[in-house]
Amino acid sequence: MSDELQVTIAGFGLAGEIFHAPLIAATPGLNIARISTSNPQRQAKARAAYPQAAIVASVDELWDGIDVLVIATTNDAHVPLAMAALDREVAVVVDKPLAISAPAAQELVARGGRLTVYQNRRWDGDFLTVREAAQSGELGQLIRFESRFDRFIPVVRSERWREWADPALGTGIMLDFGAHLVDQALLIGGPVRRVYAESDIRRPGAVVEDDCSISLEHVSGMRSQLWMSSTAPLHDARFRLTGLRAAIATNGVDPQWDQLIAGLRPGDAGYGVMAPAQLADIDGRRDVPMRDGAYQDFYAAVVGWLAHGDPAPVDPADSLSGLRVIDAARTAAATASVVELAPPAG
């Protein structure tokens, strides 16, 4: 009898096909047993790529003989599918965002059970490098974190549901890249006291926000400025973290997204490799080696979590905290006001 954990992937669009299945397949201790998609073209692609897996059309066919459910569906389905899995004592990996709002996420987290969230950009090489600098103390007291995810996609893409579908599905850039940027800011700066945001629908034909900024005042006193846009032809530094002794900055975007789409896999030459970061202090500016990106470490941690009792790779309470910030940002943008967040419990 195999010692591998049997995994079912619900959804085989961009997330399921590119950002989950290849990493699961590359992880010792995991086996893709089922893939659920009702789309005939995606079913054919799944059969060709994973011939050992049963390809099913309905979520009702997901459950037999599985250990882990990976939810890579539209965002509105995350909570009901996760609840159904937890009721069956099946462990759950939910693609970010955990839910489309903090109250929905709160209900899921309160349910209890084996639940984690695919906040994969914690394993971007540039973020690993910046977080390591923050934790080392070499920057001194942290005062400002700047994070941009800028792209220039002037036409709404009909094949990307996050760009055009009904907002009730959890569409828009704030739940997409915003869920990553807020998560990273919370890891660097800790809990948030105040939130201000601007959110706009800029592209012709767009129905959900595609150009946003979020400003955070952390309880620690650090401030974060986060930008996410599909309408930015010029790109500034991806990260800039400033302390009272030094600052670190990175340029360009972690390459794993594009590499996975192109067919590269962890272990291939150049996978996750980026140009150096730059650190500046009173003595001048110098290059800092960049950590390699490592999305595969998330699923290695899933094996440790379920097979060996290690901590979950991402605490769902962290994702709930991020959604509370995003909900506050939506309110701030709608009312042109600063929103106060309740102090963290304890």
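At 7% relative accessibility, R203 counts as buried, a term that denotes under 20% relative accessible area, with exposed meaning over 50% and partly exposed anything in between (1.4 Å probe, protein chains only). The structure is a predicted model, in which local features need pLDDT of at least 70 and side-chain atom pairs count only at pLDDT 80 or more, whereas totals for chains, interfaces and linings use all residues. Residues are numbered from 1 along each chain as its sequence is written, and side-chain values use heavy atoms, with hydrogens and water left out.

R203 is placed in the loop between β8 and β9, where helices (H or I, at least four residues) and strands (E, at least two) are DSSP runs numbered from the N terminus. The side chain of R203 reaches the backbone oxygen of I153 at 2.8 Å; a polar contact of this kind is a pair of N or O atoms within 3.5 Å, of which, within protein, one must be able to donate a hydrogen and the other to accept it, and residues adjacent in sequence count only if both atoms are side-chain atoms. When residues up to four places away in sequence are not counted, R203 touches I153, P154, V155, V156, E163, D210, S230 and T231, contact being defined by heavy atoms within 4.5 Å.

Strand β13 (residues 277-281) is joined to β14 by five bridges, the two running antiparallel, and A280 has R285 of β14 as its bridge partner. β8 and β9 pair in the antiparallel sense over eight bridges, with R194 opposite E217 in β9. Two bridges join β8 to β15, again in an antiparallel arrangement, and here R194 stands opposite E340.

The contact is made by residues of α7 including M174, L175 and G178, and by residues of α10 including D318, S321 and G322.

Helix α1 (residues 14-25) has end C-alpha atoms 16 Å apart, in agreement with the 16 Å that its twelve residues should span at 1.5 Å a residue, the expected span being 1.5 Å times one less than the number of residues. Nine of the twelve residues of α1 are buried, so the helix is largely enclosed by the rest of the structure. H20, which lies in α1, is buried, with a relative accessible area of 0%. Apart from neighbours within four places in sequence, H20 is in contact with A15, V70, A72, D95, Y118 and Y299.

Helix α3 (residues 78-87) is likewise mostly covered, eight of its ten residues being buried, among them H78, V79 and L81. The elements covering the buried residues of α3 include β1 (5-10), β4 (68-71), β5 (91-95) and α4 (102-111). α3 is followed by E89, which has a positive phi near 60 degrees.

How values were computed: Two strands pair if DSSP finds at least two bridges between them.
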